[in-house]
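This report goes through some features of a protein model and the ligand that comes with it. Please keep the sequence and the 3D view open while reading.

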Amino acid sequence: MDTKKHECERGESYRLAWRRYRLPMRVSVRTAHGVWAEREGVIVRLEDDAGNVGYGEAAPIPWFGTETVEDIEAGCAALGERVTRETLGALPVRLGCLRGALAAARAADADGMKHDYLRVAALLPAGEAARAVLVEQAEAGFRVFKWKVGVADARAEMGQLDELCGEMPEGARLRLDANGAWDRRTAERWLALCAERPVEFVEQPCFAAAGEGETAQRRAEDALRGLAEDYPTPIALDESLVGAGDVARWLGAGWRGVFVVKPSLLGEVRKALDALSAAKASVVFSSALETAVGARMALECAFRWEGEARALGFGVWPLFADRRFDGPPAAPFMRAEDVARLNPETIWNALS
Ligand SMILES: O=C(O)CCC(=O)c1ccccc1C(=O)O
Ligand SMILES: [Mg+2]
């Protein structure tokens, strides 16, 4: 793959190819939305008339409110084999993951990594299994951990919180991710508990998907704003941010909590990151459990970010049963050179 060519050297028209994938995970991921056993998505490849090739990945998460993998396939089929700047620009905004993938495939590999390395948060499994993994990962040097909550009964999980905090090394921080599972009352009880504990933030305590109607959405957003005002532990938005439009909306509403940014879900990545940067927003870059193709794009965003360097939400690998699709194995730090070494062409070829 020739990623060195600058974008302006490229033609206006490209040959589009795409490959759909379905990859079993090594271990299923359990969240408040249920068990996730395999990852589906589409890798796109664009080649311009000069032979420059670029890759991108559309890794949707429909329960966040993205398009589905079927929508992405249909979008690719509708584009056909020859695409231009204009036909790409005319893709519907609701195909955000596909738009992001095609933008990534077109973008030249600019330099400008701001960091040589960044800290990584270790992802802990939901439930009782978290404790053993935390102990093991603390031993390995991790000092930021992310625990999936809202999976089991709240009272049982609250009991486990103290056990986990008790195992954490001095100065370590725990992120809690409820994936929108709590009602406001439950979230209030959790946040009261977190106030005295080394909790870095609580991610998406409440959420209502578009399908639940406008009243439910307004209530969930009011709850997020209320919780952010009433408790000292920062609240992080994740499911609330699908696409650059959501980022702009929350920035416009003056959100001062954390923005968990999954670049794979932003659609117009550059636009969203520029807006966050201009607002000096607090950003945590996070995996959408994409393959190394999408992860490379997402991690490049993180390594270029000029704001505060918070631990990456990329402590997810090894993730796939077939390790050829993984990014760098989780370690307390990730290096820019590990990111630069990820090779989309290998993954493209593995799907042939
Ligand atoms: O952010 C991280 O630390 C890991 C990634 C993660 O938790 C995640 C991965 C895929 C889909 C949703 C989520 C989430 O943050 O809710
Ligand atoms: Mg989350």
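## Ligand 1 and its contacts

A polar side-chain atom of Asp 177 is placed 2.9 Å from an oxygen atom of ligand 1. The model is predicted, and the distances given here are computed from it. For Glu 203, the distance from a polar side-chain atom to an oxygen atom of ligand 1 is 3.1 Å. For Ser 286, the corresponding distance to an oxygen atom of ligand 1 is 2.7 Å. On its own, ligand 1 has 380 Å² of accessible area, and the protein covers 98% of this.

## The surroundings of the ligand

How many residues surround ligand 1? There are 17, and the closest are Lys 146, Asp 177, Asn 179, Lys 262 and Ser 286. Sorted by class, this shell holds seven nonpolar, four polar and six charged residues. Ligand 1 takes up the space of the largest cavity.

Strand β1 covers residues 13–31 and strand β2 covers residues 34–48. The two run antiparallel and are joined by 14 bridges. One example of the pairing is Ala 17, which has Arg 45 in β2 as its bridge partner. With two residues between them, β1 and β2 form a hairpin.

Strand β2 also pairs with strand β3, residues 53–58, again in an antiparallel arrangement, through six bridges. Here Val 44 has Gly 56 in β3 as its bridge partner. A hairpin is formed by β2 and β3 too, with four residues between them. In that turn, Gly 51 has a positive phi of about 90 degrees. As a general point on strands, side chains in a regular strand alternate between the two faces of the sheet.

Most residues other than glycine have a negative phi, and most peptide bonds are trans.

Pro 318 is part of the loop between β12 (312–315) and β13 (333–335).

Technical notes: Residues are numbered from 1 along each chain as its sequence is written. Chains are lettered from A and ligands numbered from 1 in the order in which they are written. This is a predicted model: local features need pLDDT of at least 70, side-chain atom pairs count only at pLDDT 80 or more; totals for chains, interfaces and linings use all residues. Side-chain values use heavy atoms; hydrogens and water are left out. Two strands pair if DSSP finds at least two bridges between them. A residue is near a molecule or strand if one of its heavy atoms lies within 4 Å of it. A polar contact is a pair of N or O atoms within 3.5 Å; within protein, one must be able to donate a hydrogen and the other to accept it, and residues adjacent in sequence count only if both atoms are side-chain atoms. Accessible areas come from the Shrake-Rupley method with a 1.4 Å probe; for residues, only the protein chains shown count as cover. On a 1 Å grid over the protein atoms alone, a cavity is a set of points where a 1.4 Å probe fits but cannot get out, and a pocket is an open set with protein on both sides within 12 Å along at least five of seven lines; lining residues have an atom within 4 Å of a point. A molecule sits in a cavity or pocket if more than half of its atoms lie within 2 Å of its grid points. Ala, Val, Leu, Ile, Met, Phe, Trp, Tyr, Cys and Pro count as nonpolar, Asp, Glu, Lys and Arg as charged, and the others, Gly among them, as polar.
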